[in-house]
Amino acid sequence: MRVTFLGTGTSTGVPVPTCGCKVCRSSDKRDRRLRPSVLLAWDGTNALVDTSTDLREQALTQGLAHLEAVLYTHAHADHIFGLDDLRMYNWVRGGPIPAYGSAATLAAIRRSFWYAFEEVEAGGGKPSVDLHPVEGPFTVAGRTIVPVPLLHGRLPILGYRTGGFAYLTDVSAIPEASYPLLEGLDVLVLSALRLRPHPTHMHLARSLEEAARIGARRTFFTHIAHEMAHAEIAPTLPPGIELAYDGLSVEVA
């Protein structure tokens, strides 16, 4: 399976409008971070984890021509507001796209995109998704997907594991019961917001602690704010731990 980082930034993206800090002014392409999402591709199947606000730009950059599934971590704007851009993939697919998430996340998506679920004038079209509440492991195109319960502040959210890969974003804490779901990973993707502590996200030092405990062969940090310059932070990380950047692709079993 190939994992491609479509966006490795936070809800604002990087650079941040109105900000003139050195990261927002950086000429290093790795410091340009769209809103967070990854593309999972295997055996002719494409699955998104989240439909970020920047989905259109991400899809054009990666040449994403078809889409078979979406896995939602939670319903904050930066993770769902690209849903309307699924319309084009409905046209290609000739029908709705299966979308998976917790019952609470799917209910929030119904509220945010009410017009997609009601009989209203379509105009230029409206997105069509089949919502599948996640209550345990499920299968997408022959691959088993295991939901990993996480906390984002007080909000319960989901990470996902498939094979030797796990994607955990917007994390502030990993419940004790979720650690067994993360054993024996080849590649872990974990959020690491910034250098300073944050009430609803792990900061770099905390993410390093969690990465060491989980012990994946390789760990990539994502959901990175404009406080961390790639060229400055990447060389300080322990072996096997890297900063992800937009457009990075990794092969994993």
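This is a predicted model: local features need pLDDT of at least 70, side-chain atom pairs count only at pLDDT 80 or more; totals for chains, interfaces and linings use all residues.
Student: Why is Thr-73 called buried?
Tutor: Its relative accessible area is 2%. Buried means under 20%, exposed over 50%, and partly exposed in between (1.4 Å probe, protein chains only); therefore Thr-73 counts as buried.

Student: What makes the pair of Thr-73 and Asp-50 a polar contact?
Tutor: The two side chains approach to 2.8 Å. A polar contact is a pair of N or O atoms within 3.5 Å; within protein, one must be able to donate a hydrogen and the other to accept it, and residues adjacent in sequence count only if both atoms are side-chain atoms. The pair therefore qualifies.

Student: Which residues are in contact with Thr-73, apart from neighbours within four places in sequence?
Tutor: Among them are Val-49, Asp-50, His-79, Tyr-160 and Tyr-167, contact meaning heavy atoms within 4.5 Å.

Student: How do you know that β2 and β3 pair?
Tutor: Strands β2 (residues 37-42) and β3 (residues 45-49) share five bridges in the antiparallel sense. Two strands pair if DSSP finds at least two bridges between them, so β2 and β3 are paired. Ala-41 has Asn-46 in β3 as its bridge partner.

Student: What makes β6 and β14 edge strands?
Tutor: The open, mixed sheet of seven strands has the order β6-β5-β4-β3-β2-β1-β14. Within it, β6 (129-133) and β14 (249-251) each pair on one side only.

Student: What is called a nonpolar core, and which residues have the most contacts inside the largest one?
Tutor: A nonpolar core is a set of buried Ala, Val, Leu, Ile, Met, Phe, Trp, Tyr and Cys residues joined through side-chain atoms within 4.5 Å. The largest has 26 residues, and those with the most contacts inside it include Phe-5, Leu-40, Leu-71 and Tyr-160. Strand β2 gives the largest share, three residues. Leu-40 is in contact with residues including Val-3, Val-49, Leu-71 and Phe-165. A second, separate core of 25 residues includes Tyr-179, Leu-188, Leu-204 and Ile-224.

Definitions and conventions: Residues are numbered from 1 along each chain as its sequence is written. Side-chain values use heavy atoms; hydrogens and water are left out. Helices (H or I, at least four residues) and strands (E, at least two) are DSSP runs, numbered from the N terminus.
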